[in-house]
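Hello,

Please find the structure below. My notes on it follow.

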Amino acid sequence: MSNWGQQPPPGPYDGQVPGGGAGQYGSQDNHTPWGGQNGPANPGWQGAPQQQPYGQGAYGQGGYNQSGYGAPQNPYGQPGYGPGQGGFVPPGPAFVPQAAKPGVMSLRPQNVGDIFDAAFQTIRGNPGGSVGTVIVGALLAAILSAAFIITGAMNSSSADGTPDTAALVVIGLAAPIAGLAAMASAAGLVHVFAQAVMGRRATVSASLRVGVRRMWSMLGVGLLMALIMVAVMVPLILAIVLAASQDNGGPIFLAVLVGIATICAVVWVGIRLCFAGHIVVMEKAGPTTALRRSWQLTKGRFWRTLGITILAQLIVSAISWVVQFIVSLIMLIFLGVSLAGASNGGEVSDTSVGAAIAAGVLAVVFTLLSYALIYPFTTNVTGALYVDARMRDEGLANQLMQLPSNAMAAKVKLTDGALDFPLPGAGAPGGFGQAPYGAPGTGPIDYR
């Protein structure tokens with residue numbers, strides 16, 4: 001006999017237990033208002049949502065998307081109000097801690113964009129210290145040179161008409177004086193960049209004071225590098241002398257090969273020693289120590305340093321071409337005005353003279369401004385490469401994170417050690433990490 005169509009006897013799944021007690025899940029009767037799991041299925045509430053624990057139901061995996069109310073689309077691409085794990089998660093990108101950045105460089109390994117960004121930010125964040133140092137240095141060099149030349153020229157002849165030796169010596173000192181002024185300006189620019197890395201602005205007077213103190217070491221680095229380059233070029237000189245003394249083509253071909261090798265050697269040595277000027281200022285090292293440190297820091301980084309240096313020179317060349325085009329255009333305009341003023345009867349009028357003077361002044365101004373922008377940029381690029389090498393090898397990032405804040409540094413005199421750039425040897429290798437809130441070295445100066 002078949003049992004199909006008969007109602008099964010009541011059991012524990014209908015919310016009843018032997019003895020008439022509470023239901024299987026603790027309910028007090030055989031049904032719940034929303035047709036839950038404690039009572040029998042209620043035909044009137046079959047489409048109602050089921051109550052589930054928090055984090056798995058209404059706002060998470062089920063809720064409005066899987067119940068009888070339909071499945072509205074979420075504009076943020078996530079179901080309900082969260083990712084399905086419970087709790088409210090606001091839309092948007094996840095928070096990623098950033099590396100500390102006390103100044104123009106983040107305390108992490110730098111890429112090409114970071115290097116150029118630090119160079120531009122230094123100029124943009126402190127134009128007075130960067131551009132002003134170059135302009136003041138160039139003006140001082142020009143004034144001192146002119147003073148020596150004029151003084152020597154006024155006393156160049158003695159009473160009997162013979163040249164005065166002392167006057168000639170004074171005239172001859174004009175070029176070395178200009179060179180020393182250029183060295184002081186270069187050292188001052190390095191100081192401006194070092195302070196920018198630490199999140200501080202260096203004034204023109206402070207940078208020039210540092211430049212004057214370090215210019216003799218900069219001069220020593222320049223002389224040693226010149227001697228090294230001459231030593232590298234000795235084989236080429238010998239090959240040229242040999243080729244000139246022979247009539248056949250063999251020595252000439254050898255001279256060409258030696259010339260190519262010499263060019264490669266000069267570039268290689270120049271890149272390996274390119275940090276020496278920055279080390280003289282930022283580490284207060286002597287010339288020989290600076291050359292040795294530069295050789296050490298560029299070990300294994302020749303191609304990267306060379307590539308970034310070439311790219312920086314291409315940018316500089318483009319800026320120089322634009323400036324030269326503007327200067328040439330201005331010169332042509334004033335030249336036309338000058339010729340138009342002189343065409344009246346062949347006499348030179350005041351208009352033509354004024355136009356010529358104005359053209360010369362504007363040409364000098366534009367040339368000086370272009371030099372004041374280009375030279376700091378190349379100096380900053382080399383400085384950023386130097387800082388990156390120290391952060392990778394010597395843990396400079398840890399030292400920079402321990403610097404005093406700008407508010408504290410403002411109360412410290414320039415001669416105190418707290419304002420000096422960190423020296424090698426005090427940081428732990430691999431000093432890269434995430435920045436805690438209020439990391440040391442951060443302050444009101446914004447270079448971004």
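**Notes on the model**

Leu-373 is found in helix α10; helices here are DSSP runs of H or I with at least four residues, numbered from the N terminus. This is a predicted model, in which local features need pLDDT of at least 70 and side-chain atom pairs count only at pLDDT 80 or more, while totals for chains, interfaces and linings use all residues. Residues are numbered from 1 along each chain as its sequence is written, and side-chain values use heavy atoms, with hydrogens and water left out.

Leu-373 has 44% relative accessibility and so counts as partly exposed (between buried, under 20% relative accessible area, and exposed, over 50%; 1.4 Å probe, protein chains only). Leaving aside neighbours within four places in sequence, Leu-373 is in contact (heavy atoms within 4.5 Å) with Ile-123 and Val-131. Gly-132 lies 241 residues from Leu-373 in sequence, yet their C-alpha atoms are 9.9 Å apart.

A nonpolar core is a set of buried Ala, Val, Leu, Ile, Met, Phe, Trp, Tyr and Cys residues joined through side-chain atoms within 4.5 Å. The largest has 56 residues, of which Met-105, Val-381, Val-387 and Phe-421 touch the most other members. Beyond its neighbours within four places in sequence, Met-105 has contacts that include Phe-193, Ala-384, Val-387 and Met-391. A second, separate core has five residues, among them Ala-239 and Val-258.

Regards

How values were computed: Helices (H or I, at least four residues) and strands (E, at least two) are DSSP runs, numbered from the N terminus.
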